[in-house]
Amino acid sequence: MPNNLISLATQLQRKEISSVELTTEYLKKIKKLNKKTNAYVFTNEEVSLSQAKKADQIIAKGAPSVLTGIPMSLKDSIMTIDMPTTACSKMLAKYIPTYNSTVYTKLLNNGAVLLGKTNMDEFSMGSSCLNGFFGEASNPYDTNRVTGGSSGGSAASIAQDTCVYSLGTDAGGSIRQPASYCGIVGFKPTYGAVSRNGLIALASSFEQIGPMAKNVGDTKIIFNVIKGKDEFDQTAFEIPRTTRQNPIIGIDEDHVEKTADKDTLAVFEKAIKACSKLGYKTVKIKSKYNDIYAKLYYILAYAEIASNMGRYTGIDFGYSTKSKYIDTNDFIKKSRSEAFSNEVKTRIMFGNHMLTGENMEKFYYKALKMRNDLVEDYYLNVFSKCDFILSPTTPTAAFRKDYKHESIQESALTNIFALPANLIGLPSISIPFGVSSDNMPIGMLLTGKRNFDNALLSVAENFEKHSGYKVLN
Amino acid sequence: MKKHTTILLSELSGLEFSKDELDEITKKLEDMETYVSDICNIKSGNEIYDFDMANIDELREDIVKDSLSQEDVLKNAAKSKNGYIQFARRK
């Protein structure tokens, strides 16, 4: 069975296979493989098959889109009224969404078939997919390793071919890092290019919904369906079409050498060679702020998390304590404390710490100013020399599930190359490019200027041809 | 970081911690604060971005439209009665 979007769409439209048959095949595969990876936390055969039947009717009428009848998965923080949406939290374990997210509506309007909701770190807080209420996800390449996170279930669902594509979300590398660890493509669009209406919020000024797929071509098709202005999200806008002939690729070798391990550096060298094979000029770049990305993220994103998580009281929706309580505040405290994991509690506490008393000026306002310095530095010093930045997606391949990061500094390094795109709102894509000495996938990251999503995807498509990377069978 | 600060923060955050948890989270917050504190020593040339409402010409019109039904709004509440969320002040 061919497993990329275009070849499956061609087969469906030639009526060589029906969407019901295809969906049934995928549902069988999920039953068989999900025990191994726990990529899916919810499936509903009735819903999937009913959507597949509708897709077959659209195809029979001769009016399909390329996504019609193609089975996909969605991260469990993207609202769907026909399947649960819990953000893998005890807080929302019984939550029934009352409306569909804009991205899901757009996919349904194109005849897409939802196979299920995928595992994630609770409320997208994590980089391992070990922190969800429904159990940890495992990397299909080696089940003793993490999938990465927070969109780890989405990445695993594609890597083990239990769906054709998925949508994840990325506030600090959460699409690109798991894509790299699981050997698939993950794209974080320009901030505002895709509506966030119906996304369970983490850090609103950082996060974007984006496509995850087996190749860049599929990613491009999905992005073109989900992007665009939305009356329900004031930050969403129509990005211009962009192209870039003879692109210049910026490389910060010192930063990469200081951070990445030997295997990753070898794949990075291969990617630099691909630039010359493609006839792309490379230039050296250096941002003044390499050492503070993670620090700014900790201050600003956690402050936004503290604010966004304030809505969970257990009264109008969400988990309600069964214990005795003395007043409303006590009820709220008990409900939140029983429902949130330690990771979520820590982030709320630190976010509020950064927003309280003298810390507001000392840390939060200072970080806001530094975020502007970073934008200025990227546009005046980095993008004045190049069109796109090339780096590894992560400093290492997927780490073992039992590996404990020794310090905050070490755990902050996981997303060090991915973070600038979230701090500045840039488009950024991870492409599988090689493997480590123990055969774990390693991805390369291309990041472009704001609004240059189409140009970035075209350059990524060319890079992909030189990766020589083969997806898991 | 003083444990008293953690207690105040937990009140503000709507969370409660056991004595042991309080010690643990105080240490974590302290480590995190130490980690980010470098930014205080870096000079910033910029001011906080001042969001200029006057230059936004695409604010959504205030038009009353049908929204979620009362039934939809109430279906996630633990208890509801006569179209209201029901909540006991104490238990």
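## Ring pairs and charges

At 28% relative accessibility, Phe134(A) falls in the partly exposed class of this predicted model.

**Exercise 1.** Find how many aromatic pairs the whole structure holds, then classify the pair Phe133(A) and Phe134(A).

*Solution.* 
- Step 1. The search over all chains gives 23 aromatic pairs.
- Step 2. For Phe133(A) and Phe134(A), the ring centres are 5.3 Å apart and the planes meet at 70 degrees.
- Step 3. Planes over 60 degrees apart count as edge-to-face. The pair Phe133(A) and Phe134(A) is therefore edge-to-face.
- Step 4. Phe133(A) has 43% relative accessibility and counts as partly exposed.

**Exercise 2.** Classify the pair Tyr312(A) and Phe317(A), then decide whether Tyr312(A) is buried or exposed, and do likewise for Phe317(A).

*Solution.* 
- Step 1. The ring centres of Tyr312(A) and Phe317(A) lie 5.8 Å apart, with planes at 75 degrees, so this pair is edge-to-face.
- Step 2. Buried means under 20% relative accessible area.
- Step 3. Tyr312(A), at 3%, is therefore buried.
- Step 4. Phe317(A), at 18%, is buried too.

**Exercise 3.** Which residues do ring pairs link into a cluster with Phe206(A), and which residue lies over the face of Phe206(A)?

*Solution.* 
- Step 1. The cluster joins Phe206(A) with Tyr297(A), Tyr298(A), Tyr302(A), Phe350(A) and Tyr35(B).
- Step 2. Over the face of Phe206(A) lies Arg371(A), 4.2 Å from the ring centre.

**Exercise 4.** Locate Lys449(A) relative to the ring of Phe452(A).

*Solution.* 
- Step 1. Lys449(A) is placed over the face of Phe452(A), at 5.6 Å from the ring centre.

Technical notes. Residues numbered from 1 in each chain as written. Chains lettered and ligands numbered in written order. Predicted model: local features only at pLDDT ≥ 70, side-chain atom pairs only at ≥ 80, totals over all residues. Heavy atoms only, no water. Phe/Tyr/Trp six-rings, centres within 6.5 Å; stacked < 30°, edge-to-face > 60°. Buried < 20%, exposed > 50% of the residue type's maximum accessible area, 1.4 Å probe, protein only. Lys NZ or Arg CZ within 6 Å of the ring centre and 35° of its normal.
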